[in-house]
Amino acid sequence: MEEIFMRRSVRKFKDQAVEPEKIEKLLRAAMQAPSAANQQPWEFIVIQDKERLAQVAQASPYAKPAAGSAATFVLLADENKLKIPTAWEQDMSTAAENMLLEAVHLDLGGVWFGVATADFVAENVRQLFELPKNIRPFALISVGYPDGQKNEFVDRYQAERVHYEKW
């Protein structure tokens, strides 16, 4: 699957909308992710309005590129769906990676901004979207048509990090 090798974090986007069918494909890819005990805790908010994107970009010091994206997805987990409460971040990570790989497949660029990694960012997202208590903010995924940056292969393989049978 070439998308795995070609994917890069793209932070600069053309002022061009992403077609609704591509938005749906990104969401479908995310929801095909593996999930602990098949709990599928994911919920998504899709942001395309420029004013709202600007607000999302202020939620984290690292999320500024969201303002220039065609769409930003807010990835959330519903605590009420957790059969294995300690696995929600794994589930959400697989959904995020699926979305990013599908973006490459659709000739889009994408970038993942952590939310659950910083309490103040999670709280900013919680307040911005008026989330109920059972909904945990996880990440922002911004996508769009790349402007200057592109998805291209960079070899990251490091044989010295591979161990067989023992350390």
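Tutor: Start with the terms: helices and strands here are DSSP runs, numbered from the N terminus. The model is a predicted one. Its protein chain has 5 helices and 4 strands.

Student: In what pattern do they follow along the sequence?

Tutor: The protein chain reads α-α-β-α-β-α-β-α-β. With a radius of gyration of 16 Å, close to the 15 Å that the globule rule gives for 167 residues, the protein chain is therefore as compact as a globular protein of that length.

Student: What share of the residues counts as buried?

Tutor: Buried means under 20% relative accessible area. By that cut-off, 46% of the 167 residues of the protein chain are buried.

Student: How many residues of strand 2 are buried?

Tutor: Strand 2, residues 71–78, has 8 of its 8 residues buried.

Student: Which residues lie on each side of strand 2?

Tutor: In a regular strand the side chains alternate between the two faces of the sheet. In strand 2, one side holds Ala71, Phe73, Leu75 and Ala77.

Student: How many bridges join strand 1 to strand 2?

Tutor: Strand 1, residues 42–47, is joined to strand 2 by 6 bridges, and the two run antiparallel. In this pairing, isoleucine 45 stands opposite valine 74 of strand 2.

Student: In which sense do strand 2 and strand 4 pair?

Tutor: Their pairing is antiparallel, over 8 bridges, with strand 4 spanning residues 135–144. Here leucine 75 stands opposite alanine 139 of strand 4.

Notes. Residues are numbered from 1 along each chain as its sequence is written. This is a predicted model: local features need pLDDT of at least 70, side-chain atom pairs count only at pLDDT 80 or more; totals for chains, interfaces and linings use all residues. Side-chain values use heavy atoms; hydrogens and water are left out. The radius of gyration is taken over C-alpha atoms; the globule rule is 2.2 Å times the number of residues to the power 0.38. Buried means under 20% relative accessible area, exposed over 50%, partly exposed in between (1.4 Å probe, protein chains only). Two strands pair if DSSP finds at least two bridges between them.
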